[in-house]
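Subject: The structure for you to look at

Hi,

Here is the structure I wanted to pass on to you.

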Amino acid sequence: MTGKLYDIQGFSVQDGPGIRTTVFLKGCPLRCAWCHSPESQEFPTELNWMSIRCLGTDSCGLCLNICANGAIIAGSLQKTASGADVIYPEVDKSKCDNCGACASACKAAALYMCGTDYTLDEVMRRIERDVPFYEDSGGGITISGGECLSQSEFTLELLKRCKAIGVHTAVDTTGFVPWATIESVLPYTDLFLYDLKCMDSELHKQVTGVPNELILDNALKIADKGGRFWIRIPVIPRLNDSEEHFTLYRDFLLRIRDAIDIVQLLPYHKMGISKHDRLLKHEKIFVASPPSDELMDSRKRQLEAAGLPVRVH
Ligand code: SF4
Ligand code: SF4
């Protein structure tokens, strides 16, 4: 059995307790306007391009004339950040079938394929190497994405294999999957890192592409079945950051209070913006100023006043 991953990170300290290995699976049913890992969204392996690595078609050009679909041509003259003239390749994604020929030809790895098939054994070998760090720090593995439960069979088997060797397991999920999928992984999941992106279902649909009823319903069921949560709220300017919206968060979180270890408030940041460019899709993306420390502190105190354990980041 294989899973399609776009990354494995060791020494992660943001994705659950202790030092963790985070396994990132590719593909997600949501399209969050502020997504900071847009390379995780599509399920297939896909072509990316990083301008900072590209030598330019005038001095390199190895990618030109290699695409059987004629998807790559030399673009127009541009200035680099340091002011030098450069001609970058232009990729027409509508003609690209992600064959990878241009990425293989690009010696600078400016063109590269995102998404690799790993067997369970390959992922387990990597996890077993990190086990001493988990033991010293109270860490473990986190399966993330994308939406890792969209590759449910692989995720389930990986969780079983980790539990079989005594490794703490966390599943980082949007919650937008059938209940049967969550129910199948529940016995092997010590912790759910559970995103609550927006409490208004209509707005949730506008900014993520899907409504939130299934997500909220699954959270209630997980709590009912004894699952544990780190609830994650991305605080997005103008979308979910008002006091009124946080009153909706508070009221829902109190319904699952006993299952919550921590509520994490994650301030919006702009670090994902350059990754959108790498996908060569030229899509319009959501951009805002990050929320102020004062606003984050105010929302934290609002939830804490209801007895919820909250931290920022
Ligand atoms: S082969 Fe790579 S480095 Fe060379 S021009 Fe093409 S993208 Fe840039
Ligand atoms: S990955 Fe896309 S752009 Fe590159 S050679 Fe294959 S079809 Fe052409």
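The shell around ligand 2 is made up of 10 nonpolar residues, 3 polar ones and 1 charged one. That gives 14 residues around ligand 2, with Cys-67, Ala-71, Cys-96, Cys-99 and Cys-102 coming nearest. Please keep in mind that this is a predicted model.

Ligand 1 is also surrounded by 14 residues. Here the closest are Cys-54, Cys-60, Leu-62, Cys-63 and Cys-106. By class, the shell of ligand 1 has 11 nonpolar and 3 polar residues, and no charged ones.

Next, the domains. The protein chain is divided into domain 1, which covers 2-43 and 116-312, and domain 2, which covers 46-114. Their C-alpha centres lie 33 Å apart. Where the two touch, 7 residues of domain 1 are in contact with 8 residues of domain 2. On the domain 1 side of that contact there are 3 nonpolar and 4 charged residues, with no polar ones.

Which residues of H7 are buried? They are Phe-246, Tyr-249 and Leu-253. Seen down the axis of H7, the buried residues fall within an arc of 50°, so they line one face of the helix. As background, an α-helix has 3.6 residues a turn, so residues three or four places apart point the same way. The buried residues of H7 pack against strand S11 (229-235), strand S12 (260-267) and H9. Turned away from this buried side is a face that carries the exposed residues Glu-244, Asp-251 and Arg-255.

Last, a word on Pro-309. You will find Pro-309 in the loop between helix H9 (293-304) and strand S13 (310-312). Is Pro-309 buried, partly exposed or exposed? Pro-309 counts as partly exposed because it has 14 C-beta neighbours inside 10 Å, and a buried residue would need 20 or more. Leaving aside residues up to four places away in sequence, Pro-309 touches Ile-260, Ile-262 and Val-263. Pro-309 and Glu-39 are 270 residues apart in sequence, and their C-alpha atoms are 32 Å apart in space.

Best wishes

How values were computed. Residues are numbered from 1 along each chain as its sequence is written. Chains are lettered from A and ligands numbered from 1 in the order in which they are written. This is a predicted model: local features need pLDDT of at least 70, side-chain atom pairs count only at pLDDT 80 or more; totals for chains, interfaces and linings use all residues. A residue is near a molecule or strand if its C-beta atom, placed from the backbone, lies within 6 Å of it. Ala, Val, Leu, Ile, Met, Phe, Trp, Tyr, Cys and Pro count as nonpolar, Asp, Glu, Lys and Arg as charged, and the others, Gly among them, as polar. Helices (H or I, at least four residues) and strands (E, at least two) are DSSP runs, numbered from the N terminus. A residue is buried if 20 or more other C-beta atoms lie within 10 Å of its own, exposed if 12 or fewer, and partly exposed in between; C-beta atoms are placed from the backbone. Domain bounds come from an automatic or database domain assignment. The arc is that of the directions from the helix axis to the C-beta atoms.
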